[in-house]
Amino acid sequence: MAIIFDKEKKIFFLNTAHTEYQIKINEYNMPLHTYYGDSVGNADMAYLIRELDRGFSGNSYECREKRGISPDTLPFEYSSDGAGDYRVNAIGIILNNGSRTLDLRYKSHSIEEGRAPLNGLPYVRAEEDKVSSLNLVLTDECSGIEVVLIYNVFEDKDIITRSAKIKNNSSVTHILSKAASMSMDMPYKRMDLIHFHGRHAMERLTERNELTHDLQVISSKRGTSSHHNNPFVILCDHDANENSGSCYGFMLVYSGNHAEEIELDQAGSIRIVSGIADNNFSWKLESGEVFETPEAILAYSADGLNGLSYLYHRIIRENVCPKEFRDIKRPVLINNWEGTYFDFDEKSIIEIADAAADAGCEMLVLDDGWFGERNDDNRALGDWFVNEKKLPGGMSKIADHVNSLGMKFGLWFEPEMVNEDSELFRKHPEWALRDPDRKPVMSRNQLLLDMSRKEVVDYLFESMSKILDSANISYIKWDFNRSVSNVYSNWLPEDRQGETSHRFALGTYDLLERLRKAYPDIMMEGCSGGGGRFDAGILFYSPQIWCSDNSEPVNRLKIQKGTSYGYPVSTMGSHVSASPNHQNGRMTPLRTRAIVAMSGTFGYEFDPRKLSSEERSEIKEQIALFNRYYNLIQKGRYFRLTDSRSEEYFTAWEFVSEDKSEILLNIVVTDVRANPEIPHVKLLGLDPDAVYEIDNLFSSCQNLAAGTVDAGRKEKGMKISGAALMNGGFAFDPLYGVYPALQLHFVKGA
């Protein structure tokens, strides 16, 4: 079994294939975190705890004579507040008598095979994996608060998940003011923090800083995981790089307000707490009631950042995303949004479908503007019925025509939103989130529906179902185009308003779950103005998310690279869009746009009626190439090959098939130079004893003949050993032109 309890030493050993996680119950029944890292053969790592009397660090009453044992310095497994631990806490409470003190001690535990699903929340599915679970029960005797720490060990995948159940066993009501999913203390670590910040159209940019003696908070209070701070952070050694060094990952499976709090304390220990943000959060915990936190995914790798990413890519692709779409080929789609915006009718959509089919596209997605009186972004959200002025034949006529061309048909929704200028708002103004007697903050002239209300979720399910039942719809693009403000529910009482944000997230998950059960064959793509809700919570229901509204390839290199640290390529919605680009005006070659977009789900975002015959032929070639490499890109191992310094010149990345028989090497030069240095990379993850041959080359270099790197040296047919490619690397001839890109496909020789 992956989980062992040593009764004599009171130690829990949580073992995966390559890692070990230890929890020690000390003589005062305090649950202490003593180790997480490479396997140490179940050696008792509690010897690392040194009892030192530190000034102004007090002692629990029963160990008042042992001044070296202080709640302020012990490495707790789940940190509370008010009982002498002055570091950041995982749980906050306002007891019935007004006290805010909680002192959690070990009560009992259970170890089981398999795992239990979370109630109303997304989680890491067990699927066919070998999973063991530990329920560690802690209690505060004075208040009757019980906390069950839940650990699920995915033995073969080197993953541990954590969550908590908080129960009120008293006869009175208490208020939760904070309820994190996990807390972990790491003594003697000197580490860097890597997090992924950004903004709309520029999400998940990588930032790395050495930890300093303060509290750093990566968070969102926008009602979503946000464009601005993703709920995923990495702690790594100072000298860790892509291929070596100790790296710890912490990813929250949640789509609402979140906080990752990292504190380097007075003694040099690191504490990380991850969970629902406590800003404006409270939860009325009635007698006997249980509050469940979201789940956090923990991973450790001694093989650098690429090694850590591999662990997250595998668990998300195979255990978080819906199994139904894991192995099914996803169609190359074209979306009409940037081609038409709101200016379309039945005739133009049919023309776009015809042109898209002629270019080889496999799905047409009809974006915003098909419903109600939706002729711009100021009206009709919430009115989920077909605008028959635009589409007089209804949705079935469009879908039938698209299907007749051999393509699938998809449709855009923004379920959680409502406009004041809509039939729904005029009928149910109380369904919007907004303060009483206060003019609300507007964004895109829209408000949010109160997803905490059952009748709102019921309405959305019923109205969306009518549309989905009316035509052969294979795909939903689910959007969310504003940050949340005026967080006030008109049905919740005054003393429960702090529950609104979390109840909103639960309502969204409820609607997603109902739609998934009712329409299991319809694939959903998450979206929130692009990547504003790119998180594992949404991926539980949607196997892919529109990575960013910015589809320009040079910007996308940074966006997709940052995303790749935690999320697999198969989840990244990535399209070829028009040039000049609609977001930043940059002009780039069609092939460069394709090479970057192929490192994602791949599709197109323009008006195909405007394509020249040469461009149409080029797109057919791109789609055929992507489909040829589909399994390699979607399921192969992904490696980042360049760092921030080399990326001032060029960016390179690689896919390697699971059996190491195929390689796809990609490079984009973003600073084309005269008399340049030779672009050079070392490949990763190959069979050192194999010989690899370049069997295909795809290039956007404007001054190169087809199939050549330059006029003097042909790359196609070159044979190089895996050992040479990994140790000596690969040197490209200089790439010239406008943002030139090159894609090389290697196959393993017999």
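Buried means under 20% relative accessible area, exposed over 50%, and partly exposed in between, with a 1.4 Å probe and protein chains only. By that definition Asp607 is buried, with a relative accessible area of 8%.

Some housekeeping. This is a predicted model, where local features need pLDDT of at least 70, side-chain atom pairs count only at pLDDT 80 or more, and totals for chains, interfaces and linings use all residues. Residues are numbered from 1 along each chain as its sequence is written, and side-chain values use heavy atoms, with hydrogens and water left out.

Now the salt bridges, meaning a side-chain nitrogen of Lys or Arg within 4 Å of a carboxyl oxygen of Asp or Glu. The structure has 53 of them.

Asp607 pairs with Arg609 at 2.8 Å, N to O. Arg609 is partly exposed, at 35% relative accessibility.

Next, Glu295 and Arg115, whose closest N and O atoms are 2.9 Å apart. Glu295 sits in strand E20 (residues 295-301), and Arg115 in the loop between strands E6 (105-113) and E7 (131-140), 180 residues apart. Helices (H or I, at least four residues) and strands (E, at least two) are DSSP runs, numbered from the N terminus. Both Glu295 and Arg115 are buried.

Third, Glu362 and Lys329 form a salt bridge at 3.2 Å, N to O. Glu362 is in the loop between helix H3 (346-359) and strand E22 (363-366), and Lys329 in the loop between helix H1 (304-320) and strand E21 (333-335), so the bridge ties together parts 33 residues apart in sequence. Glu362 is partly exposed at 22% relative accessibility, and Lys329 is partly exposed at 31%.

Last, a network: salt bridges link Asp85, Arg87, Asp185, Asp265 and Arg271.
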